[in-house]
Amino acid sequence: MSSALAKTCNNEAVERGLAKDVKALVGWLEREILALTGPSLDDRRELFDFIVDELAQREHLDSSKIRVALKRQRDKLLGFAKVLDGKLAAIALRFDVPEHQVRAVCLAAPLAVKPAAGLEIPRHLGARRRRDG
């Protein structure tokens, strides 16, 4: 195989891997972080930052700079979660139940979905979600 062809094959393999990773991260962003039913704002921020960090690790392979755009817009993208947290807290107060139980009911609703395949929730966040749920 010529060196040009070998380089092209290698570049294609790298780009396929990058595309797979980015697709999983974006899917997780949509389904786990930006979904109406999901963790608290603080947990969403932490998960969001985790995704940005994962994209940063792959940035040298891609010039599109998705990470930079996401990082700049984090608080705007997660603005709904602050409102949602307030409403869940109000429901918990009204019915005199712990807020994590109200959130667990929302997470158990049919709208809740699993994280993107191929990625794991950071252990400390996953444990917190299981404990609170």
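Visitor: In which loop is the place of valine 97?

Guide: This is a predicted model, in which local features need pLDDT of at least 70, side-chain atom pairs count only at pLDDT 80 or more, and totals for chains, interfaces and linings use all residues. Residues are numbered from 1 along each chain as its sequence is written, and side-chain values use heavy atoms, with hydrogens and water left out. Helices are DSSP runs of H or I with at least four residues, strands are E runs of at least two, and both are numbered from the N terminus. Valine 97 lies in the loop between α4 (79-95) and α5 (99-108).

Visitor: Is arginine 74 buried or exposed?

Guide: Arginine 74 belongs to helix α3 (residues 66-77). Buried means under 20% relative accessible area, exposed over 50%, and partly exposed in between (1.4 Å probe, protein chains only). Because its relative accessible area is 19%, arginine 74 is buried.

Visitor: With which side chain does the side chain of arginine 74 make a polar contact?

Guide: A polar contact is a pair of N or O atoms within 3.5 Å; within protein, one must be able to donate a hydrogen and the other to accept it, and residues adjacent in sequence count only if both atoms are side-chain atoms. At 3.2 Å, the partner of the arginine 74 side chain is the side chain of aspartate 75.

Visitor: Which residues is valine 97 in contact with, leaving aside neighbours within four places in sequence?

Guide: Valine 97 is partly exposed, with a relative accessible area of 32%. Contact means heavy atoms within 4.5 Å. Under the stated exclusion, the residues are Ala92 and Val102.
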